[in-house]
Amino acid sequence: MKPIAILFFALSLFIACKQKERLEKKNLVTPRDYTEMYRPQFHFTPEKKWMNDPNGLVYHEGIYHLFYQYYPDDIVWGPMHWGHAVSTDMVYWEHKPIALYPDENGLIFSGSAVVDKDNTSGFAQNGETPLVAIFTYHLMEGEKSGRDDFQTQGIAYSLDNGETWTKYEANPVIKNSGIRDFRDPKVFWHEEGQKWIMVLVAGDHAKFYSSSNLKDWKFLSDFGKRQGAHGGVWECPDLFPLSVEGEEEQKWVLIISINPGAPNGGSGTQYFIGEFDGKRFVSDQKKAKWLDYGTDNYAGVTYNNTPNGERIFIGWMSNWDYARDTPTENWRSAMTLPRSLALKKIGDDYFLTNQPLENLNVLAKAVLSRGPKVEALQEETLYQDGLQQSRISFTTSSGDFSIKLQNGEGEFVELNMDKANNAFLLDRMNSGKVDFQPEFGNKKHFMPIDNLEDGPIEVRILVDWSSIEVFLNNGLYTMTQQIFPTTPYNQLVIENKSKEFAIENLVVEKMESIWD
(Lines give C-alpha, C1' and ligand atoms only; values in the text may rest on other atoms or scores of the structure.)
Protein backbone atom coordinates (compact mmCIF):
# COMPACT_ATOMS: atom_id res chain seq x y z
CA MET A 1 0.00 0.00 0.00
CA LYS A 2 1.39 3.39 -0.97
CA PRO A 3 2.10 5.94 1.82
CA ILE A 4 -0.64 8.26 0.58
CA ALA A 5 -3.09 5.34 0.54
CA ILE A 6 -2.05 4.34 4.05
CA LEU A 7 -2.58 7.92 5.21
CA PHE A 8 -5.99 8.06 3.56
CA PHE A 9 -6.99 4.71 5.13
CA ALA A 10 -5.87 5.85 8.58
CA LEU A 11 -7.73 9.15 8.21
CA SER A 12 -10.90 7.35 7.10
CA LEU A 13 -10.66 4.95 10.05
CA PHE A 14 -10.17 7.87 12.45
CA ILE A 15 -13.23 9.71 11.08
CA ALA A 16 -15.36 6.54 11.25
CA CYS A 17 -14.35 5.95 14.87
CA LYS A 18 -15.16 9.55 15.79
CA GLN A 19 -18.56 9.32 14.13
CA LYS A 20 -19.30 6.10 16.06
CA GLU A 21 -18.13 7.75 19.28
CA ARG A 22 -20.42 10.76 18.70
CA LEU A 23 -23.36 8.46 17.95
CA GLU A 24 -22.76 6.43 21.10
CA LYS A 25 -22.52 9.61 23.19
CA LYS A 26 -25.72 10.94 21.68
CA ASN A 27 -27.50 7.69 22.52
CA LEU A 28 -26.09 7.45 26.02
CA VAL A 29 -28.72 7.33 28.75
CA THR A 30 -27.16 9.20 31.65
CA PRO A 31 -27.99 8.79 35.36
CA ARG A 32 -31.12 10.66 36.40
CA ASP A 33 -31.29 13.71 38.62
CA TYR A 34 -34.97 14.53 38.90
CA THR A 35 -34.79 17.02 41.74
CA GLU A 36 -34.72 20.23 39.69
CA MET A 37 -37.24 22.99 40.32
CA TYR A 38 -40.57 22.21 38.59
CA ARG A 39 -39.57 18.67 37.58
CA PRO A 40 -42.76 16.51 37.65
CA GLN A 41 -42.45 13.42 39.81
CA PHE A 42 -45.24 11.19 38.49
CA HIS A 43 -45.52 12.41 34.90
CA PHE A 44 -43.20 11.34 32.10
CA THR A 45 -40.46 13.83 31.19
CA PRO A 46 -37.30 13.42 29.13
CA GLU A 47 -34.11 13.19 31.13
CA LYS A 48 -32.91 16.35 29.42
CA LYS A 49 -33.53 18.70 26.47
CA TRP A 50 -36.67 19.32 24.40
CA MET A 51 -39.72 17.07 24.01
CA ASN A 52 -43.11 17.58 22.35
CA ASP A 53 -45.69 15.27 20.70
CA PRO A 54 -46.11 11.64 21.83
CA ASN A 55 -45.47 9.32 18.88
CA GLY A 56 -45.62 5.63 18.03
CA LEU A 57 -47.76 4.56 21.00
CA VAL A 58 -47.89 0.77 20.83
CA TYR A 59 -47.99 -2.25 23.15
CA HIS A 60 -46.10 -5.45 22.32
CA GLU A 61 -44.95 -8.46 24.33
CA GLY A 62 -45.54 -6.89 27.74
CA ILE A 63 -44.03 -3.50 26.86
CA TYR A 64 -45.75 -0.15 26.37
CA HIS A 65 -43.65 1.97 24.03
CA LEU A 66 -43.68 5.75 24.23
CA PHE A 67 -41.85 7.47 21.39
CA TYR A 68 -41.86 11.25 21.26
CA GLN A 69 -40.67 14.28 19.33
CA TYR A 70 -37.22 15.02 20.69
CA TYR A 71 -34.36 17.44 20.12
CA PRO A 72 -31.29 16.14 21.98
CA ASP A 73 -29.16 19.30 21.69
CA ASP A 74 -31.23 22.07 23.31
CA ILE A 75 -34.31 22.82 25.41
CA VAL A 76 -36.05 24.58 22.51
CA TRP A 77 -37.50 22.98 19.40
CA GLY A 78 -34.92 21.85 16.85
CA PRO A 79 -34.30 19.07 14.31
CA MET A 80 -36.72 16.35 15.33
CA HIS A 81 -35.78 12.80 16.33
CA TRP A 82 -37.91 10.09 17.94
CA GLY A 83 -37.04 9.75 21.61
CA HIS A 84 -38.03 6.49 23.28
CA ALA A 85 -39.15 5.17 26.66
CA VAL A 86 -40.79 1.92 27.78
CA SER A 87 -43.02 0.77 30.61
CA THR A 88 -44.62 -2.46 31.75
CA ASP A 89 -47.49 -0.74 33.61
CA MET A 90 -47.86 2.83 32.25
CA VAL A 91 -46.71 4.13 35.63
CA TYR A 92 -42.94 3.62 35.85
CA TRP A 93 -40.85 4.46 32.79
CA GLU A 94 -37.39 3.49 31.56
CA HIS A 95 -35.54 5.79 29.19
CA LYS A 96 -34.14 4.18 26.04
CA PRO A 97 -31.71 5.46 23.38
CA ILE A 98 -33.00 7.64 20.55
CA ALA A 99 -34.98 5.44 18.15
CA LEU A 100 -35.03 7.42 14.87
CA TYR A 101 -32.63 10.06 13.57
CA PRO A 102 -33.09 12.53 10.69
CA ASP A 103 -31.71 11.39 7.33
CA GLU A 104 -31.46 12.56 3.73
CA ASN A 105 -35.28 12.57 3.44
CA GLY A 106 -35.71 15.00 6.33
CA LEU A 107 -36.38 15.40 10.02
CA ILE A 108 -38.51 12.77 11.79
CA PHE A 109 -41.85 14.35 12.62
CA SER A 110 -44.85 12.76 14.36
CA GLY A 111 -46.41 9.41 13.55
CA SER A 112 -47.51 6.06 14.90
CA ALA A 113 -46.41 2.43 15.25
CA VAL A 114 -48.14 -0.90 14.70
CA VAL A 115 -47.54 -4.57 15.45
CA ASP A 116 -47.40 -6.34 12.07
CA LYS A 117 -48.59 -9.68 13.46
CA ASP A 118 -48.95 -11.38 10.07
CA ASN A 119 -45.76 -9.86 8.62
CA THR A 120 -47.75 -8.16 5.86
CA SER A 121 -44.75 -5.89 5.30
CA GLY A 122 -42.39 -8.80 4.69
CA PHE A 123 -39.79 -7.22 6.94
CA ALA A 124 -39.41 -10.35 9.10
CA GLN A 125 -37.33 -13.15 7.60
CA ASN A 126 -36.95 -15.57 10.50
CA GLY A 127 -40.33 -15.68 12.19
CA GLU A 128 -40.04 -12.39 14.09
CA THR A 129 -42.99 -10.05 14.58
CA PRO A 130 -42.13 -6.63 13.15
CA LEU A 131 -42.95 -3.35 14.81
CA VAL A 132 -43.44 -0.81 12.04
CA ALA A 133 -43.21 2.93 12.65
CA ILE A 134 -44.97 5.29 10.24
CA PHE A 135 -43.88 8.93 10.42
CA THR A 136 -43.63 12.21 8.56
CA TYR A 137 -40.39 13.30 6.92
CA HIS A 138 -39.90 17.08 7.03
CA LEU A 139 -37.29 18.30 4.57
CA MET A 140 -36.07 21.66 5.90
CA GLU A 141 -34.24 22.49 2.67
CA GLY A 142 -37.49 22.10 0.75
CA GLU A 143 -39.40 24.33 3.16
CA LYS A 144 -36.72 27.02 3.10
CA SER A 145 -36.67 27.04 -0.70
CA GLY A 146 -40.40 27.78 -0.82
CA ARG A 147 -41.59 24.38 -1.99
CA ASP A 148 -44.91 22.95 -0.77
CA ASP A 149 -43.99 19.24 -1.04
CA PHE A 150 -41.43 19.11 1.79
CA GLN A 151 -43.46 16.73 3.98
CA THR A 152 -43.71 13.05 3.01
CA GLN A 153 -44.43 9.80 4.86
CA GLY A 154 -41.81 7.19 5.69
CA ILE A 155 -41.63 3.89 7.57
CA ALA A 156 -39.08 2.02 9.66
CA TYR A 157 -39.17 -1.42 11.27
CA SER A 158 -37.86 -3.20 14.34
CA LEU A 159 -37.43 -6.95 14.76
CA ASP A 160 -36.40 -6.82 18.43
CA ASN A 161 -39.44 -5.11 20.02
CA GLY A 162 -38.25 -1.57 19.49
CA GLU A 163 -34.64 -1.87 20.62
CA THR A 164 -33.21 -1.10 17.16
CA TRP A 165 -34.77 0.31 14.00
CA THR A 166 -34.11 0.07 10.27
CA LYS A 167 -35.58 2.58 7.84
CA TYR A 168 -37.25 1.22 4.72
CA GLU A 169 -34.90 1.58 1.75
CA ALA A 170 -37.66 2.82 -0.58
CA ASN A 171 -38.82 5.72 1.62
CA PRO A 172 -40.90 7.82 1.32
CA VAL A 173 -43.91 5.52 0.96
CA ILE A 174 -46.31 8.42 0.36
CA LYS A 175 -45.02 11.38 -1.60
CA ASN A 176 -46.49 14.86 -1.58
CA SER A 177 -48.41 16.37 -4.49
CA GLY A 178 -47.99 19.92 -3.17
CA ILE A 179 -49.74 20.12 0.21
CA ARG A 180 -47.84 22.34 2.61
CA ASP A 181 -49.07 20.74 5.87
CA PHE A 182 -49.17 17.01 5.13
CA ARG A 183 -48.29 15.04 8.23
CA ASP A 184 -48.77 12.99 11.41
CA PRO A 185 -49.92 9.58 10.10
CA LYS A 186 -51.87 7.36 12.51
CA VAL A 187 -52.12 3.76 11.27
CA PHE A 188 -54.17 0.83 12.59
CA TRP A 189 -55.36 -2.57 11.38
CA HIS A 190 -59.00 -2.56 10.21
CA GLU A 191 -60.15 -6.09 10.98
CA GLU A 192 -63.40 -5.93 9.03
CA GLY A 193 -61.65 -4.77 5.85
CA GLN A 194 -58.48 -6.84 6.47
CA LYS A 195 -56.24 -3.88 5.66
CA TRP A 196 -54.18 -1.15 7.21
CA ILE A 197 -55.85 2.27 7.51
CA MET A 198 -53.96 5.54 7.75
CA VAL A 199 -55.36 8.91 8.73
CA LEU A 200 -53.19 11.97 8.34
CA VAL A 201 -53.86 15.69 8.18
CA ALA A 202 -53.55 18.16 5.33
CA GLY A 203 -53.87 21.67 6.68
CA ASP A 204 -57.61 22.02 7.27
CA HIS A 205 -58.83 18.44 6.91
CA ALA A 206 -58.02 14.76 7.37
CA LYS A 207 -57.12 12.27 4.64
CA PHE A 208 -57.61 8.50 4.74
CA TYR A 209 -55.52 5.83 3.00
CA SER A 210 -55.40 2.02 2.94
CA SER A 211 -52.65 -0.54 2.42
CA SER A 212 -52.18 -4.30 2.44
CA ASN A 213 -48.47 -4.17 3.30
CA LEU A 214 -47.67 -0.80 4.94
CA LYS A 215 -45.56 0.11 1.90
CA ASP A 216 -48.07 0.79 -0.87
CA TRP A 217 -50.87 3.18 0.00
CA LYS A 218 -54.14 4.02 -1.75
CA PHE A 219 -56.03 7.27 -1.12
CA LEU A 220 -59.60 6.71 0.13
CA SER A 221 -61.32 9.94 1.21
CA ASP A 222 -61.22 13.32 2.97
CA PHE A 223 -63.02 14.65 6.02
CA GLY A 224 -63.52 17.91 7.85
CA LYS A 225 -63.10 20.90 5.58
CA ARG A 226 -66.41 22.32 6.77
CA GLN A 227 -66.74 20.69 10.20
CA GLY A 228 -65.29 21.38 13.60
CA ALA A 229 -62.89 24.11 14.67
CA HIS A 230 -60.70 25.75 12.02
CA GLY A 231 -58.84 28.48 13.89
CA GLY A 232 -55.51 26.93 12.96
CA VAL A 233 -53.75 23.99 11.33
CA TRP A 234 -55.07 20.47 11.97
CA GLU A 235 -52.49 18.09 13.45
CA CYS A 236 -51.99 14.66 15.08
CA PRO A 237 -55.16 12.74 14.08
CA ASP A 238 -56.33 9.46 15.58
CA LEU A 239 -59.25 7.21 14.62
CA PHE A 240 -60.70 4.32 16.63
CA PRO A 241 -63.98 2.59 17.58
CA LEU A 242 -65.44 2.78 21.09
CA SER A 243 -68.44 1.06 22.62
CA VAL A 244 -70.95 3.41 24.25
CA GLU A 245 -71.13 2.95 28.00
CA GLY A 246 -74.33 1.15 29.04
CA GLU A 247 -75.51 0.80 25.43
CA GLU A 248 -75.32 -1.94 22.81
CA GLU A 249 -73.81 0.53 20.39
CA GLN A 250 -70.42 1.35 18.94
CA LYS A 251 -69.25 4.63 17.39
CA TRP A 252 -66.02 5.80 15.77
CA VAL A 253 -64.02 8.64 17.29
CA LEU A 254 -61.74 10.94 15.29
CA ILE A 255 -59.33 13.04 17.35
CA ILE A 256 -57.81 16.15 15.78
CA SER A 257 -55.40 18.58 17.41
CA ILE A 258 -55.47 22.20 16.27
CA ASN A 259 -53.01 25.06 16.58
CA PRO A 260 -54.07 27.77 17.22
CA GLY A 261 -57.84 27.82 17.79
CA ALA A 262 -58.41 26.07 21.14
CA PRO A 263 -61.21 27.40 23.39
CA ASN A 264 -58.84 29.08 25.87
CA GLY A 265 -56.16 30.06 23.36
CA GLY A 266 -53.30 28.44 21.50
CA SER A 267 -53.29 24.73 20.82
CA GLY A 268 -55.89 22.15 21.86
CA THR A 269 -57.57 18.85 21.00
CA GLN A 270 -61.02 18.44 19.44
CA TYR A 271 -62.88 15.25 18.55
CA PHE A 272 -65.66 14.04 16.28
CA ILE A 273 -68.12 11.17 16.83
CA GLY A 274 -69.29 9.33 13.74
CA GLU A 275 -69.06 6.20 11.59
CA PHE A 276 -66.25 4.63 9.55
CA ASP A 277 -66.91 1.98 6.89
CA GLY A 278 -63.31 1.20 6.02
CA LYS A 279 -63.19 3.94 3.40
CA ARG A 280 -64.90 7.05 4.66
CA PHE A 281 -65.46 8.71 8.04
CA VAL A 282 -68.75 10.59 8.37
CA SER A 283 -70.17 12.65 11.21
CA ASP A 284 -73.18 14.92 11.50
CA GLN A 285 -71.37 16.90 14.20
CA LYS A 286 -71.04 20.56 13.21
CA LYS A 287 -69.63 22.22 16.32
CA ALA A 288 -66.30 21.41 17.91
CA LYS A 289 -66.14 19.15 20.95
CA TRP A 290 -63.06 19.43 23.13
CA LEU A 291 -61.24 16.62 24.87
CA ASP A 292 -59.78 19.00 27.46
CA TYR A 293 -60.57 22.65 28.19
CA GLY A 294 -57.19 23.39 29.75
CA THR A 295 -54.47 24.95 27.67
CA ASP A 296 -51.90 22.18 28.19
CA ASN A 297 -53.10 18.99 26.55
CA TYR A 298 -52.07 18.85 22.90
CA ALA A 299 -51.11 16.39 20.14
CA GLY A 300 -52.48 13.45 22.13
CA VAL A 301 -53.05 10.06 20.52
CA THR A 302 -53.88 6.54 21.70
CA TYR A 303 -52.10 3.20 21.95
CA ASN A 304 -52.34 0.47 19.36
CA ASN A 305 -52.60 -3.22 20.33
CA THR A 306 -53.41 -2.71 24.03
CA PRO A 307 -54.35 -5.66 26.26
CA ASN A 308 -58.14 -6.08 26.39
CA GLY A 309 -58.52 -3.33 23.79
CA GLU A 310 -58.37 -0.51 26.36
CA ARG A 311 -58.16 2.90 24.69
CA ILE A 312 -55.22 4.66 26.40
CA PHE A 313 -54.42 8.29 25.59
CA ILE A 314 -51.34 10.42 26.28
CA GLY A 315 -50.99 14.10 25.35
CA TRP A 316 -48.18 16.62 25.35
CA MET A 317 -48.66 18.81 28.43
CA SER A 318 -47.88 22.18 26.87
CA ASN A 319 -49.10 24.78 24.40
CA TRP A 320 -47.36 26.25 21.37
CA ASP A 321 -48.16 29.77 22.64
CA TYR A 322 -45.46 29.45 25.31
CA ALA A 323 -43.89 25.96 25.10
CA ARG A 324 -40.45 27.34 24.22
CA ASP A 325 -40.46 29.78 27.14
CA THR A 326 -41.53 27.82 30.23
CA PRO A 327 -39.09 28.34 33.14
CA THR A 328 -37.22 25.02 33.21
CA GLU A 329 -33.48 24.71 32.62
CA ASN A 330 -32.32 21.14 31.96
CA TRP A 331 -35.38 19.78 30.18
CA ARG A 332 -38.58 21.16 28.73
CA SER A 333 -42.08 19.63 28.63
CA ALA A 334 -43.93 16.70 30.19
CA MET A 335 -46.65 14.32 29.06
CA THR A 336 -50.12 14.24 30.56
CA LEU A 337 -50.97 11.33 32.78
CA PRO A 338 -51.97 8.27 30.73
CA ARG A 339 -55.75 8.36 30.47
CA SER A 340 -58.47 5.86 29.74
CA LEU A 341 -60.98 7.02 27.13
CA ALA A 342 -64.65 6.08 27.15
CA LEU A 343 -67.78 7.12 25.26
CA LYS A 344 -70.83 8.36 27.16
CA LYS A 345 -74.28 9.06 25.78
CA ILE A 346 -76.19 11.98 27.30
CA GLY A 347 -79.62 12.49 25.76
CA ASP A 348 -79.14 12.04 22.03
CA ASP A 349 -75.50 13.14 22.00
CA TYR A 350 -72.14 11.44 22.63
CA PHE A 351 -69.19 12.65 24.67
CA LEU A 352 -65.63 11.38 25.02
CA THR A 353 -64.52 11.07 28.64
CA ASN A 354 -60.92 10.81 29.81
CA GLN A 355 -59.59 10.00 33.25
CA PRO A 356 -56.30 8.75 34.73
CA LEU A 357 -55.57 5.05 34.39
CA GLU A 358 -56.43 3.02 37.46
CA ASN A 359 -52.83 1.72 37.44
CA LEU A 360 -51.76 5.11 38.80
CA ASN A 361 -53.54 4.38 42.10
CA VAL A 362 -50.44 2.47 43.14
CA LEU A 363 -48.69 5.82 43.63
CA ALA A 364 -51.22 7.06 46.21
CA LYS A 365 -49.63 5.23 49.12
CA ALA A 366 -50.13 7.72 51.95
CA VAL A 367 -53.05 9.88 53.08
CA LEU A 368 -51.83 13.36 53.97
CA SER A 369 -55.22 14.55 55.20
CA ARG A 370 -58.80 13.36 55.47
CA GLY A 371 -61.57 15.97 55.82
CA PRO A 372 -62.82 18.31 57.02
CA LYS A 373 -66.42 18.32 55.82
CA VAL A 374 -67.21 21.80 54.50
CA GLU A 375 -70.77 22.71 55.36
CA ALA A 376 -73.03 25.04 53.36
CA LEU A 377 -71.81 28.66 53.30
CA GLN A 378 -68.60 27.72 55.11
CA GLU A 379 -64.89 28.06 54.31
CA GLU A 380 -62.10 25.78 55.53
CA THR A 381 -58.33 26.18 55.20
CA LEU A 382 -56.13 23.13 55.35
CA TYR A 383 -52.43 23.77 56.05
CA GLN A 384 -50.62 20.88 54.47
CA ASP A 385 -47.09 20.31 53.17
CA GLY A 386 -46.82 18.09 50.11
CA LEU A 387 -49.64 19.60 48.05
CA GLN A 388 -47.18 20.02 45.16
CA GLN A 389 -47.21 16.23 44.63
CA SER A 390 -50.70 15.14 45.56
CA ARG A 391 -54.14 13.89 44.60
CA ILE A 392 -57.12 15.79 46.03
CA SER A 393 -60.59 14.29 45.80
CA PHE A 394 -64.05 15.01 47.16
CA THR A 395 -67.74 14.74 46.34
CA THR A 396 -70.46 17.36 46.58
CA SER A 397 -73.90 18.29 45.37
CA SER A 398 -72.92 21.92 45.73
CA GLY A 399 -72.73 23.54 42.35
CA ASP A 400 -71.13 26.66 43.75
CA PHE A 401 -67.69 26.35 45.33
CA SER A 402 -64.05 27.38 44.98
CA ILE A 403 -60.81 25.50 45.62
CA LYS A 404 -57.61 27.45 46.05
CA LEU A 405 -54.06 26.11 46.37
CA GLN A 406 -51.73 28.83 47.66
CA ASN A 407 -48.36 29.45 49.28
CA GLY A 408 -46.86 32.01 51.65
CA GLU A 409 -45.77 34.21 48.74
CA GLY A 410 -49.36 35.13 47.89
CA GLU A 411 -49.32 32.89 44.80
CA PHE A 412 -52.35 30.73 44.08
CA VAL A 413 -54.23 28.72 41.53
CA GLU A 414 -58.00 28.79 41.96
CA LEU A 415 -60.82 26.59 40.68
CA ASN A 416 -64.40 27.90 40.65
CA MET A 417 -67.59 25.95 40.00
CA ASP A 418 -70.63 28.02 39.01
CA LYS A 419 -73.30 25.47 38.14
CA ALA A 420 -76.05 28.06 37.80
CA ASN A 421 -74.20 29.53 34.84
CA ASN A 422 -72.86 26.18 33.61
CA ALA A 423 -69.31 27.39 34.12
CA PHE A 424 -66.08 26.09 35.60
CA LEU A 425 -63.15 28.50 35.81
CA LEU A 426 -59.44 27.93 36.39
CA ASP A 427 -57.39 30.98 37.37
CA ARG A 428 -53.58 30.77 37.20
CA MET A 429 -53.01 34.50 36.70
CA ASN A 430 -51.24 34.75 40.08
CA SER A 431 -50.02 31.14 40.31
CA GLY A 432 -46.28 31.97 40.43
CA LYS A 433 -44.04 32.66 37.45
CA VAL A 434 -46.37 33.85 34.71
CA ASP A 435 -44.46 36.67 33.03
CA PHE A 436 -42.21 34.53 30.81
CA GLN A 437 -44.77 34.84 27.99
CA PRO A 438 -47.78 37.18 27.64
CA GLU A 439 -50.34 34.44 26.89
CA PHE A 440 -49.57 32.26 29.89
CA GLY A 441 -51.23 34.18 32.71
CA ASN A 442 -53.34 36.75 30.91
CA LYS A 443 -56.85 35.47 31.72
CA LYS A 444 -59.02 32.97 33.55
CA HIS A 445 -59.76 29.81 31.62
CA PHE A 446 -63.38 28.82 31.08
CA MET A 447 -65.00 25.40 30.70
CA PRO A 448 -68.73 25.06 29.92
CA ILE A 449 -70.36 22.28 31.98
CA ASP A 450 -73.78 22.13 30.33
CA ASN A 451 -73.97 18.32 30.54
CA LEU A 452 -72.96 17.98 34.18
CA GLU A 453 -75.88 16.07 35.63
CA ASP A 454 -77.73 17.03 38.81
CA GLY A 455 -76.69 15.22 41.95
CA PRO A 456 -73.29 14.50 43.52
CA ILE A 457 -70.26 15.71 41.59
CA GLU A 458 -67.04 13.75 41.86
CA VAL A 459 -63.93 15.96 41.72
CA ARG A 460 -60.34 14.76 41.35
CA ILE A 461 -57.36 17.10 41.21
CA LEU A 462 -53.80 15.93 40.57
CA VAL A 463 -50.94 18.33 41.28
CA ASP A 464 -47.35 17.55 40.26
CA TRP A 465 -44.93 20.46 40.96
CA SER A 466 -45.62 22.34 37.71
CA SER A 467 -49.02 21.03 36.61
CA ILE A 468 -52.60 20.64 37.74
CA GLU A 469 -55.13 18.25 36.15
CA VAL A 470 -58.82 18.47 37.05
CA PHE A 471 -61.37 15.72 36.36
CA LEU A 472 -65.11 16.12 36.96
CA ASN A 473 -67.44 13.10 37.06
CA ASN A 474 -65.02 10.47 35.77
CA GLY A 475 -63.52 12.76 33.18
CA LEU A 476 -66.69 14.04 31.54
CA TYR A 477 -65.02 17.44 31.92
CA THR A 478 -61.27 17.90 32.15
CA MET A 479 -58.79 20.77 32.46
CA THR A 480 -54.99 20.39 32.25
CA GLN A 481 -52.75 23.35 33.07
CA GLN A 482 -49.12 24.11 33.77
CA ILE A 483 -48.27 26.21 36.84
CA PHE A 484 -44.93 27.50 38.16
CA PRO A 485 -45.16 28.62 41.82
CA THR A 486 -41.91 30.00 43.23
CA THR A 487 -42.42 27.91 46.38
CA PRO A 488 -44.67 24.87 46.79
CA TYR A 489 -48.32 25.42 47.68
CA ASN A 490 -48.98 24.50 51.31
CA GLN A 491 -52.53 25.73 51.88
CA LEU A 492 -55.78 24.32 50.52
CA VAL A 493 -58.67 26.77 50.87
CA ILE A 494 -62.17 25.39 50.23
CA GLU A 495 -65.12 27.75 50.08
CA ASN A 496 -68.60 26.27 49.82
CA LYS A 497 -71.00 28.91 48.50
CA SER A 498 -74.02 26.60 48.43
CA LYS A 499 -76.86 27.36 50.83
CA GLU A 500 -77.88 23.71 50.98
CA PHE A 501 -75.19 21.12 50.22
CA ALA A 502 -71.91 20.20 51.93
CA ILE A 503 -68.53 19.28 50.42
CA GLU A 504 -67.73 15.78 51.67
CA ASN A 505 -65.26 12.90 51.52
CA LEU A 506 -62.25 15.20 51.15
CA VAL A 507 -59.02 13.21 50.89
CA VAL A 508 -55.52 14.52 50.13
CA GLU A 509 -53.06 11.78 49.16
CA LYS A 510 -49.36 11.91 48.51
CA MET A 511 -48.37 10.69 45.05
CA GLU A 512 -45.07 8.83 45.09
CA SER A 513 -42.33 9.62 42.59
CA ILE A 514 -41.94 7.26 39.65
CA TRP A 515 -38.21 8.08 39.43
CA ASP A 516 -36.97 7.11 42.90
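## Starting at Glu 379

Leaving aside its neighbours within four places in sequence, which residues is Glu 379 in contact with? The answer is a set of three names: Val 493, Ile 494 and Glu 495. Before going on, please keep in mind that this is a predicted model.

Glu 379 has its place in strand β24, which covers residues 379-383. Its relative accessibility is 47%, so Glu 379 counts as partly exposed. Another residue to look for from here is Val 470: 91 residues separate it from Glu 379 in sequence, and the two C-alpha atoms are 21 Å apart in space.

## The chain as a whole

Along the principal axes, the C-alpha trace spans about 95 × 55 × 45 Å. A compact globule of 516 residues would have a radius of gyration near 24 Å, and the chain agrees because its own value is 24 Å.

Of the 516 residues, 59% count as buried. Contacts also reach along the sequence: among those between residues at least 6 apart, 62% join residues at least 24 apart.

## Surface and charge

The chain exposes about 21400 Å², and carbon and sulfur atoms supply 47% of that area. As for charge, there are 51 positive and 72 negative side chains. The centres of these two sets lie 5 Å apart.

## A buried lysine

Now find Lys 207, in strand β11 (residues 206-211). Is this residue buried or exposed? Lys 207 counts as buried, because its relative accessibility is 11% and the cut-off for buried is under 20%.

The side chain of Lys 207 makes a polar contact with the side chain of Asp 222, at 3.1 Å. Beyond the neighbours within four places in sequence, Lys 207 is in contact with several other residues, including Ile 179, Phe 182, Met 198, Leu 200 and Phe 219.

## A buried leucine in a loop

Finally, where does Leu 476 sit? Look in the loop between β31 (467-472) and β32 (477-482). With 12% relative accessibility, Leu 476 therefore counts as buried.

Setting aside neighbours within four places in sequence, the contacts of Leu 476 are Lys 344, Ile 346, Phe 351, Thr 353 and Asn 451.

Key:
Residues numbered from 1 in each chain as written. Predicted model: local features only at pLDDT ≥ 70, side-chain atom pairs only at ≥ 80, totals over all residues. Heavy atoms only, no water. Helix = DSSP H or I, 4+ residues; strand = E, 2+ residues; numbered from the N terminus. Buried < 20%, exposed > 50% of the residue type's maximum accessible area, 1.4 Å probe, protein only. Polar contact = N/O pair within 3.5 Å; in protein donor to acceptor, adjacent residues only side chain to side chain. Contact = heavy atoms within 4.5 Å. Rg over C-alpha atoms; globule rule 2.2 N^0.38 Å. Areas by Shrake-Rupley, 256 points an atom, 1.4 Å probe, with all protein chains shown as cover. Lys, Arg positive; Asp, Glu negative; His and termini not counted. Charge placed at Lys NZ, Arg CZ, Asp CG, Glu CD.
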